[in-house]
Amino acid sequence: MSARRPTARATASGVAAKRAVVGMDQAVQELRTLRDCLRHACTRLSAAALAYGQGTDNAWDEAVWLALWSLHLPPDRVEPFLDARLTRDERKSFFELIERRCRERVPAAYLTGEAWLRGLRFRADPRAIIPRSLIVEAMEETLDDWLAGREPDDILDLCTGGGSIAISAALRFAQARVDAVDLSEQALSLAAENLADHQVQDRVNLYHGDLFAPIGDRQYDLILCNPPYVNSASMRKLPAEFLAEPDTALAGGNDGMDLIRRILADAPKALRDGGFLLLEIGHEAPFFEAAFDSLEFAYLPVAAGEDQLVLVSREQLRAAGYGATLGKPRRRR
Ligand SMILES: C[S@@+](CC[C@H](N)C(=O)[O-])C[C@H]1O[C@@H](n2cnc3c(N)ncnc32)[C@H](O)[C@@H]1O
């Protein structure tokens, strides 16, 4: 007779104990204050092991965002309300949102229909990726050092999605004229709504098409671009929340650089002398450096990291051999 296999009971000492999460009905019934409800929401969100990174990066901030939205409260002020009691219906509405976030893994921005970026509200829905580009932070914090007092007159937002970068640029540089291009008509329809909300439709022009194709011979002082740059291996591991966003907004090919190669090749033609391309590359710096090893450029640091934004001038691109009229990029020997 073979040895008996250890039973679950026999091995229980080596297995983490289960932790129950109180159900929604009991939470609606028994909890009272916003603080109570936020604590329960955090428990529920944490137990569901969700993915963050589409507006918040932790369960507390996510719960606060959903609570303030569902209660019609200002998005940036939770403290004054923490000890306020919620009515039964308010608790129910909030916990229903939390349940949808956990069960369906819908990003909070798509649940609420809005996203906030550096204090600006943008409409958000599955027509476009949720606004979170690091370019907006750099535009406010560090880009000035490079512009050396020269405000850009003409700006291009390449791959504009829902228009958050184009709108932020139009508001940041009040004299500038902004063009914004995207291949997705759906994304552009959302961008048009956002332009109207921010009343910048007379200074931001939307173009439908492939990268630089719709702008013809126009030239810019500044090109801002948050392209699809996620490499294939990372795409295969994307959590459900990110799969809710358009695939064409994220996938950048095998090394994430498919579109970026084309952007660097054509950017010199679309830039004026002294102009800059500010390009988001996320966590793909190793792939970027491997793909463009002859290029001199600077990383613009932001809170999220030192090497997620690339700033490169027209002159640096040309020196490395990039430019439509110059043929293939020159490689370092
Ligand atoms: C990462 S999203 C950025 C959206 C927006 N700029 C933002 O930061 O929220 C990339 C965008 O590039 C667009 N896109 C993909 N391929 C493109 C192409 N060949 N030409 C123009 N836009 C493209 C997608 O439709 C998507 O809206």
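Author: The shell around the ligand has 23 residues. Closest are Ser133, Cys159, Gly161, Ser184 and Ala249. Sorted by class, the shell holds 13 nonpolar, eight polar and two charged residues. Two elements, α9 (164-172) and β4 (177-182), each give at least two residues to this shell.

Bear in mind that this is a predicted model. The mean pLDDT of the protein is 93. A score of at least 70 is reached by 93% of the residues. Two stretches need care. Residues 1-11 stay under 50 in pLDDT. For them, the model has one contact beyond four places in sequence. Residues 326-333 also have a pLDDT below 50. That stretch has twelve contacts in the model beyond near neighbours in sequence.

Now the helices. Two packed helices are described by the angle between their axes and the distance between the axes. Take helix α3 (residues 34-47) and α4 to begin with. Their axes lie 9 Å apart, at an angle of about 125°. Angles of 65 to 115 degrees count as roughly perpendicular and those over 145 as roughly antiparallel, so α3 and α4 are oblique to each other. The crossing of α3 with α4 is right-handed. On the α3 side, the contact uses Leu34, Cys37, Leu38, Ala41, Cys42, Leu45 and Ser46. On the α4 side, Ala59, Trp60, Glu62, Ala63, Val64 and Ala67 take part. By class, this contact has eleven nonpolar, one polar and one charged residues.

Helix α4 (residues 59-70) also packs with helix α5 (residues 88-103). Here the axes come within 9 Å and cross at roughly 135°. The pair α4 and α5 is therefore oblique. Their crossing is right-handed. From α4, the residues in contact are Leu66, Ala67 and Ser70. From α5, they are Ser93, Phe94, Leu97, Ile98 and Arg101. This contact counts five nonpolar, two polar and one charged residues.

One residue links the two contacts. Ala67 of α4 takes part in the contact with α3, and Ala67 is also in the contact with α5.

Methods:
Residues are numbered from 1 along each chain as its sequence is written. This is a predicted model: local features need pLDDT of at least 70, side-chain atom pairs count only at pLDDT 80 or more; totals for chains, interfaces and linings use all residues. A residue is near a molecule or strand if its C-beta atom, placed from the backbone, lies within 6 Å of it. Helices (H or I, at least four residues) and strands (E, at least two) are DSSP runs, numbered from the N terminus. Ala, Val, Leu, Ile, Met, Phe, Trp, Tyr, Cys and Pro count as nonpolar, Asp, Glu, Lys and Arg as charged, and the others, Gly among them, as polar. Axes are lines fitted to C-alpha atoms, for helices over the stretch in contact, and angles run from 0 to 180 degrees between N-to-C directions. Angles under 35 degrees count as roughly parallel, over 145 as roughly antiparallel, 65 to 115 as roughly perpendicular and the rest as oblique. A crossing is left-handed if the near helix is turned anticlockwise from the far one by less than a right angle, and right-handed if clockwise. Two residues are in contact if their C-beta atoms, placed from the backbone, lie within 7 Å. pLDDT is the predictor's confidence in each residue, from 0 to 100.
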